[in-house]
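This report covers two topics.

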Amino acid sequence: MLPRRNVLRLAVAGAALVGSGKLLEAFGTLERVSAAHLPPPRRGTEAEPHGHQWVFLIDLRRCDGCGDCTKGCQEMHHLPEEQEWIKVHRLEDTTGGDYFLPVLCQMCERPPCVQVCPVAATFQTPSGPILVDQSTCIGCRMCMAACPYGVRYFNWQEPPDVPEEERHADALLQIPQVRGTVGKCDSCMHASLENLLPACVESCSMEAIWIGDFVTDVATNGRDSVGLSQYMREHDVYRLKEHLGTEPRVYYVAGHGQDLEY
Amino acid sequence: MAATEPPTTGPQAPSETLADAALRPVLHAGRRWWLVFGALVALVLIGVAAYATQLVHGLGVTGKNDQVFWALYTTSLVAFIGFSYGGALVSAILRLTGATWRGSVVRIAETTALATLLVGALFPVIHLGHPERVWEFFVTPQFNSPIVWDLVAIATYLLATVVLFGLPLVADMGTLSAHPALGPRRRRLYHVLSFGWRGSHAQRRHLENALTVVAILIVPLAIVVHTVLSYAFSLTSRPGWHSTIFGPYFVIGAIYSGVAVVVLATVLYRRAYHLEGWIPAKVFRNLGYVMVALAIAYGYATFTELTTEGYVSEVADAAVLYTLVLERYAALFWGFVLFGLIVPVVIVVIPRTRTPGWIAFASICVIGAMYVKRFLITVPPLTRPLIGGETATYTPTLVELGVVTGAAAGIGLIVMVVFRLFPVLAVYEIEEIEAQERAEATRIAPPAASPQARA
Amino acid sequence: MTGAISPLHRSHVPLGLLVVASVLVLPVVASAQEASPAVTTDDVTSLTVEFVPSTVKGVPHYLAARLSTSDGSAVAGEQVRFVRVADIFGGRKVELGRATTDNGGVARVAIVPREPDYDVTVSFAGSESLEPRTVEQRVVFPPETVVTGARPPHGGGLVDPHLRPLAEVMPGVIGSAALIVWAVLVFVALGTLWRVRRDRDRGFPTSPGVGTGAGSSDGDAAVSGAQGPQP
């Protein structure tokens with residue numbers, strides 16, 4: 001019912017538009033905002049002198065569920081009480097007994113949270129940790145929906161006050177947290193960059209949490225250090241929700257707290 | 001504008017024209033109108049105050065928590081944008097299928113679509129922790145995100161709805177600007193908005209072409225918009241959300257609830273302004289049939305989803321299923337089934353209750369039940385823990401209820417204001433349909449209906 | 001009977017004292033001589049460390065430590081421990097492995113060098129006849145043997161985490177689709193309005209039922225042809 005010349009005009013206009021879209025891409029305008037490339041490193045993360053590949057390793061034979069890791073992390077990051085960036089779950093195993101499972105940000109190599117953030121506020125660093133830039137986050141909580149491990153938290157209210165000298169505001173370390181944005185375990189990359197151990201590794205009284213680096217092939221729990229790849233092979237480590245294909249970087253040594261004497 | 005009551009003689013006085021009827025809400029605003037208007041304004045103000053509280057104190061004033069982080073606002077977002085699909089159906093789909101009975105409701109349908117979409121599109125901003133940062137969408141968008149797709153889709157759909165509302169209005173503005181009862185300000189407004197419409201052949205042809213193009217365009221656009229809206233849920237790995245049926249599910253639900261909103265708005269205006277002669281009961285019967293078809297489709301989708309999950313009963317899926325069908329949210333779910341699926345179908349199917357009044361009641365049931373259904377899609381899956389821990393709960397706070405109520409009142413307010421300015425009946429489209437029907441009749445009828453034939 | 005034992009002649013006293021002294025002192029002297037490290041060829045160990053790169057595929061690189069006594073003879077069957085100080089978290093001691101010396105006195109531990117050089121500590125704990133020995137040495141690796149940029153092993157997933165096909169096309173898809181639809185809507189809307197305005201004098205203003213026939217070339221729209229149609 002449309003006269004032919006209108007259809008023709010529409011077609012020409014359409015072709016022109018597609019063509020201009022292609023032109024824009026060629027000039028890099030669309031390319032620049034393409035998510036094919038991960039967002040550039042944010043403030044505070046440029047300094048990465050050794051090029052590590054961080055992983056965490058948690059020995060469940062040693063975990064007794066004490067929660068020291070949670071408290072240590074909350075202390076270091078000045079978190080409100082309800083935000084447990086490393087959360088110790090008490091779960092039932094297949095024999096009917098209990099075991100404890102500390103869950104922190106899994107540092108997925110294929111992070112679903114990064115994929116859904118509309119403003120690229122959460123991003124993946126080359127060495128593994130996933131960070132949130134709370135000066136960009138709009139608080140839509142889409143990342144919380146996408147994370148299959150439930151490790152993201154929202155700052156519903158104003159966090160407790162922090163003295164001036166302890167404040168820090170960039171994607172690497174945000175103290176205090178910003179109200180109305182999403183917060184989560186930052187894998188203590190801010191500590192590793194200064195050769196300090198992550199808060200949970202440091203606080204664990206059972207030496208159950210290890211931080212490892214694949215580049216130097218070392219894992220340490222603060223007291224002992226081992227060759228990472230060999231240790232992983234020998235202890236048959238596993239990961240959580242492997243079937244989702246998120247490729248997390250937190251490995252667990254199966255156990256139920258049986259190895260409390262070490 | 002005389003603040004008089006509309007004439008109580010109805011359907012209409014014999015000499016009353018279509019134009020008179022279409023302009024009745026514009027010309028007559030009685031006490032009842034002002035009462036309703038005042039009440040809606042009050043509710044909107046309450047909503048604004050509630051939102052201001054949220055801006056000042058943060059999202060902690062809502063009942064949300066780290067497990068149930070999307071609740072009433074997300075529900076309202078999906079529901080209200082879904083309500084706008086009545087316009088797409090009545091104005092576009094019925095135009096494309098040549099349903100001649102649509103003429104008397106197209107204006108109301110387009111208006112409710114515009115109003116619900118405008119208000120619904122506010123909720124993505126309302127539920128943000130930092131609404132002032134929305135400009136980042138335009139500076140550092142991350143194109144893999146369903147939220148960015150939402151922005152593009154809703155903006156495009158809003159434009160299409162505005163065009164679908166505005167173009168036929170131009171014709172009415174031209175036709176009605178000479179109406180004797182109009183005051184000088186309205187007349188000037190109509191004159192400006194008529195763009196020189198005189199009803200010539202050429203102008204009609206241009207408008208018809210344009211409306212056809214927009215109607216064709218808005219159908220896939222509507223499908224895309226609500227599918228993209230569903231992706232915010234289904235493109236996550238959450239049990240209860242990660243389901244392939246979500247796209248079609250949301251679209252069908254949107255059209256279903258949208259038609260119900262059109263029915264409700266039409267019944268209200270028909271009753272309030274005695275437009276029974278111009279909006280015949282047939283319209284409601286037909287809209288009722290459409291609702292039945294959609295109810296069946298939506299019920300089918302719902303139960304297919306439940307059967308698929310329930311039969312295999314993977315641990316996490318089964319947990320969501322149980323909380324929905326048997327445990328905490330069972331009352332809401334089965335209430336939805338009863339009032340959203342069964343009651344409306346029964347009302348339309350039984351000839352006795354196939355009346356405008358009963359169908360209006362059915363539409364109220366549908367609107368309420370579909371709002372509840374969107375809530376049931378959003379919240380119960382979030383109450384289940386992902387790894388370990390306890391089942392979370394959610395209770396909306398006064399702030400959330402206030403904002404949602406204010407938004408709903410805002411929809412009514414927009415509709416009321418629009419029909420104080422613009423005709424409630426699409427004069428051009430009604431005439432156009434009548435002209436087409438007459439042309440059809442003369443074409444089909446034998447060329448000489450001579451008296452001999454009757455002998 | 002008295003004169004049976006001749007008294008010690010005075011000249012015999014010094015000799016006797018010497019004998020007594022020797023008897024008393026000699027064991028002391030002798031034992032003292034046993035305590036001091038006797039420079040024999042049996043109990044001094046030396047430990048040398050070297051990196052043995054492999055040129056054959058499938059054969060790993062080794063750190064080899066040779067345990068020998070001071071005269072160069074190999075010490076077999078003894079355990080040697082290899083530790084390195086990793087350049088992480090301020091320097092952490094990581095055991096590279098333990099190995100037993102073979103007949104040639106060489107203990108080997110397979111390694112994959114991760115840094116250009118290692119500060120290696122090789123130690124032998126000692127045995128009944130052998131001294132413990134600890135050697136600290138910086139072992140420098142040929143660059144081609146050093147593995148840099150190792151990543152965590154890929155799990156069972158089929159999807160390469162660094163392949164993101166959707167990300168490549170999404171901006172183009174959304175951008176083009178949105179541009180086209182917006183353009184059509186704006187084009188149609190504005191175009192129609194423009195045409196309506198342009199053609200207001202073209203054609204007769206025909207509304208069904210109103211066949212005034214009056215040309216609309218004169219006058220404003222408010223007057224002509226804008227009456228409500230008959231129901």
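## Confidence in chain C

pLDDT is the predictor's confidence in each residue, on a scale from 0 to 100. Two residues count as in contact if their C-beta atoms, placed from the backbone, lie within 7 Å. Both terms apply here, as this is a predicted model. It scores ipTM 0.88 and pTM 0.83.

Chain C has a mean pLDDT of 74. In that chain, 63% of residues reach 70 or more. Among its elements, strand β4 (residues 92-100) of chain C has the highest mean, 93. Helix α1 (residues 13-35) of chain C has the lowest, 56.

Where pLDDT is low, predicted coordinates should not be read in detail.

## A helix pair in chain B

Helix α5 (residues 85-96) of chain B packs with helix α11 (residues 201-234) of chain B. The angle is about 130°, and the axes are 9 Å apart. α5(B) is therefore oblique to α11(B). Their crossing is left-handed.

Which residues of α5(B) and α11(B) meet? From α5(B) come B:Tyr85, B:Ala88, B:Ala92, B:Ile93, B:Arg95 and B:Leu96. From α11(B) come B:Leu211, B:Ala215, B:Ile216, B:Ile218, B:Val219 and B:Ala222. The contact of α5(B) with α11(B) has eleven nonpolar residues, no polar and one charged.

Note on methods. Residues are numbered from 1 along each chain as its sequence is written. Chains are lettered from A and ligands numbered from 1 in the order in which they are written. This is a predicted model: local features need pLDDT of at least 70, side-chain atom pairs count only at pLDDT 80 or more; totals for chains, interfaces and linings use all residues. Helices (H or I, at least four residues) and strands (E, at least two) are DSSP runs, numbered from the N terminus. Axes are lines fitted to C-alpha atoms, for helices over the stretch in contact, and angles run from 0 to 180 degrees between N-to-C directions. Angles under 35 degrees count as roughly parallel, over 145 as roughly antiparallel, 65 to 115 as roughly perpendicular and the rest as oblique. A crossing is left-handed if the near helix is turned anticlockwise from the far one by less than a right angle, and right-handed if clockwise. Ala, Val, Leu, Ile, Met, Phe, Trp, Tyr, Cys and Pro count as nonpolar, Asp, Glu, Lys and Arg as charged, and the others, Gly among them, as polar.
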